[in-house]
Amino acid sequence: MLGGLFSFHTNWIEKQETYMKKPLPLQCISLNFREFQLAQSMLFAIEEINNSSDLLQGISLGYKLFDTCGSIARSVRSALSLVNGDENESITVKACTGPGHVQAIMGEASSSPSMAISTVIGPFHIPLISHFATCACLSDKTKYPSFLRTIPSDYYQSRALAHLVKHFGWTWVGALRSNEDYGNNGMAIFTETAQQLGICLEYSEPFFRTDPLEKIQNIFDIIKGSTSKVIVAFLSHMDMEVLVQMLSAHNLTGYQWVGTEAWIFDSQTASRDKNHILDGAIGLYIPKAHVSGLKEFMFNVKPLNSTNSDLFTEFYEALFSCKFRQSQSEEIQRECTGHEDLTQVENIFTDMSHMSIFNNMYKGVYAVAHALHNILSCNKTCNKSVKLDPNTILQNIKKVNFKTKEGENVYFNKNGDPVAKYEIINWQPRKNEKVDFVTVGVYDASLSPENQMNLQNKSLIWANNSMKVPVSVCSELCPPGTRKVLQKGKPVCCYDCIRCSEGEMSNNTDSATCMRCPPEFWPNDKRDTCVIKKTEFLSYDEIMGALLIAASLFGTCLTAAVAVFFFRHRKTPLVRANNSELSFLLLFSLTLCFLCSLTFIGRPSEWSCMLRHTAFGIAFVLSISCILGKTMVVLMAFKATLPGKNVMKWFGPAQQRLCVLGFTVLQVIICIIWLATFPPFPSENVKYFKDKIILECALGSAVGFWSVLGYIGLLAMLCFILAFLARKLPDNFNEAKFITFSMLIFCAVWITFIPAYVSSPGKFSVAVEIFAILASSFGLLICIFIPKCYIILRKPDKNTKKNMMGKGVIKS
């Protein structure tokens, strides 16, 4: 396996390139084509720079390659060899005629080796530029002052993963991490951000590819026993390759995987997923890039065969599955010709899907070249007399700001990191057992927080090839109208949902508390919002209001018809005998009684509230005063027929008018005092119903209201008593009998009105009051006037003066 440690040195020679054969003291078990691609990316950039007429004119960049096999110890050993100028450890060295000094080191691909190397070479200020080491800890310039990278820090990736998990509503997740600096530091930042976003980790287990089987089995047991359906895997691609094979053996399917850039775009990991454990996985990857000419450079492997290097010979044989020399101890393979065509081969080396990583290596080489270009004051020629100092090179690399030939801007921030930008990748299986890595969105940390994540309108495929977003929560979201109660001994994501109490509401999902609704509001049926209460009053446009209006107008018209009828027959004995003047005044007052009921319908206002009660009180007192006058006339008329009695002179028409006026004025005075002290006013009753506001007329002064009502009741009782005493007087048409019956109805209506009014809710109490007004008015009209109308129309023979006198009446 070819490690990821490469170095630069400058040569004061004309641009030419040859390769030297070197021993290979650091051999690994197997070749890694991905590392060869990275080495080719560096060589491609060096070749471009050496052939450039705009950059480092007359200066040639050389290099050394070291095979570290992913070992931290070997990485440190190789770094020390570079610092000491020992070339015995290197695999390949560019030919140099002059002294070569290491100006920068490219690598490592992993965080832990990068930390170790940076710690060792830090005192020498030699720049270490990584293309794939993402641990956020490497941004600490107090510990790693000479470290830079062309890939974003995991500080941004970890936070982006947490926001991605939150975006899909996953609040209960499991986590696996590489048991090294990359995984441990990345998961620590993810956990911190997840807690801030309300995400809980059911478990967080470390994993390393060399762990014993017992430890790995324990991880599988934890996954099987968990209730979370989402697993965040902060693993290196090497750890993930080992893990996915073991997952397939245990058939742990049905989990939604969330991955990092280390493996989410790795075709080799996908090829090892034989049981499609990772189908539907989603994660972050470096934005796709294109470096023109790089693919063609990599595919031209013929120069590799001419290097006479045992390593490249081994690489060539592994690439084309052939042998230059057959060995008796090995299986016979076809013979290599040295002219094999790489375009006919399909393997990891020909896979250009990781062009983004190659581009990171490419940009790192150019960053060093631009720094040297600035130090040497290169214009048409470079100042070769300048003595290169590692610290000067490091400071100039930190300051570079250039554009690649593809137009990409390259620079480093104060921590030696580039701008953090990721593509959101979704694993979508194809029919040919392969996986498409589909870009479904982007995450750009340079934008404002609300605009950083942008998911495109593409169809995502989830675990088990589902088109529906999986659910992974410890407890379902508490709907509006409920509040959360944490379950004892469990994380904050595990809770029960308790319905809000009466009069309380919560209008947010997952609300921790319920709050009281203001008096003018009420919680809806689900108690999720304070909804403004509906206002209720007896309106004109509802059926009940319309019926009462119709009854009122009918009574008014009927009263007017009786008045017209009586006016046409005003000279008949029956009308004249029953005091026509008081009869017409009574009909007028009954008309007012019918009309005053209309003031009780409609939205209460300040004027309507004062009018409805006073009009009602005065109109009814006027009516009862007229009836009381008619009753007294009957009694006085009977007394006048007795010998020696002449009482009618004391109760003539003038006295009758004065009596009616006096009784009515007294009621008017009571109403004026009521209105002057504490009049009725419109009010909103929010206590009777929880979902309604009753618009009603408050009485104001209760004493005033009961005085008006009591005065009406007093006159009614007096009238009833007098009429009852006069009911058997010997007239053929004794009006007192009808007055008695009418007052009996009147009193019965208003006595039953009181409990009905008190027990009727809302607008029905107003309807009861209107009904009492109409019922008592109709009772007076029908009982007093309809019998007379009947005599006039149907019994004209009784409508005579002689019949009015009756039998047995003593004449004076």
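Which residues is Ile618 in contact with, leaving aside its neighbours within four places in sequence? I started the notebook with this one and list the answer under Ile618 below.

**Ground rules**

I am working on a predicted model, where local features need pLDDT of at least 70, side-chain atom pairs count only at pLDDT 80 or more, and totals for chains, interfaces and linings use all residues. Residues are numbered from 1 along each chain as its sequence is written, and side-chain values use heavy atoms, with hydrogens and water left out.

**Ile618**

Leaving aside neighbours within four places in sequence, I found Ile618 in contact (heavy atoms within 4.5 Å) with Thr664, Gln667, Val668 and Cys671. I looked at Gln667 again: it is 49 residues from Ile618 along the chain, and the two C-alpha atoms are separated by 6.1 Å. Ile618 belongs to helix H17, residues 606-640. For helices I use DSSP runs of H or I with at least four residues, for strands runs of E with at least two, numbered from the N terminus. Ile618 counts as partly exposed because its relative accessibility is 27%. The classes are buried under 20% relative accessible area, exposed over 50% and partly exposed in between, with a 1.4 Å probe and protein chains only.

**Whole chain**

I noted 22 helices and 25 strands for the protein. Of its 812 residues, 52% are buried. Among contacts with a separation of 6 or more, 70% are between residues 24 or more positions apart.

**Thr171**

I placed Thr171 in the loop between helix H4 (154-167) and strand S7 (172-178). Is Thr171 buried or exposed? It counts as buried, because its relative accessibility is 12%. Not counting residues up to four places away in sequence, Thr171 touches Lys166, Gly198, Ile199, Cys200, Ser472, Val473 and Cys493.

**The eight-stranded sheet**

I traced an open sheet of eight strands in the order S8-S7-S9-S10-S11-S14-S15-S16, with mixed pairing. Strands S8 (200-207) and S16 (453-455) each have a single partner strand, so one side of each is left without a neighbour in the sheet. Neighbouring strands of this sheet are turned by 25° against each other on average, direction ignored. Pairing here requires that DSSP finds at least two bridges between two strands.

I then took the pairs one at a time. S9 (residues 230-234) and S10 (residues 256-259) run parallel and are joined by four bridges; Val230 has Gln256 in S10 as its bridge partner. S11 (residues 282-285) pairs with S14 in the antiparallel sense over four bridges, and Leu284 stands opposite Ile424 in S14. S14 and S15 (residues 435-444) run antiparallel and share nine bridges, with Val442 in S15 as the bridge partner of Glu423. These two strands form a hairpin with five residues between them, and Glu433 in the turn has a positive phi of about 70°. S14 itself (residues 421-429) is mostly covered, with seven of its nine residues buried.

S24 pairs with S25 (residues 692-698) in the antiparallel sense over five bridges, and the bridge partner of Asn685 in S25 is Ile694.

**Helices**

I checked H3 (residues 111-121) for cover: nine of its 11 residues are buried, including Met115, Ile117 and Ile121.

For H16 (residues 580-596) I compared lengths. At 1.5 Å a residue its 17 residues should span 24 Å, and the end C-alpha atoms are 24 Å apart, which agrees; the expected span is 1.5 Å times one less than the number of residues. Buried residues of H16 include Leu582, Leu586, Leu590 and Phe594.

Last, I looked at H14 (residues 543-568) and H21 (residues 763-794), whose axes come within 10 Å and cross at roughly 25°. Axes are lines fitted to C-alpha atoms, for helices over the stretch in contact, and angles run from 0 to 180 degrees between N-to-C directions. H14 and H21 are therefore roughly parallel to each other, a term for angles under 35 degrees. Among the residues making the contact are Leu548, Phe554 and Leu558 of H14 and Phe778, Leu781 and Phe785 of H21.

Methods. Parallel < 35°, antiparallel > 145°, perpendicular 65-115°, else oblique.
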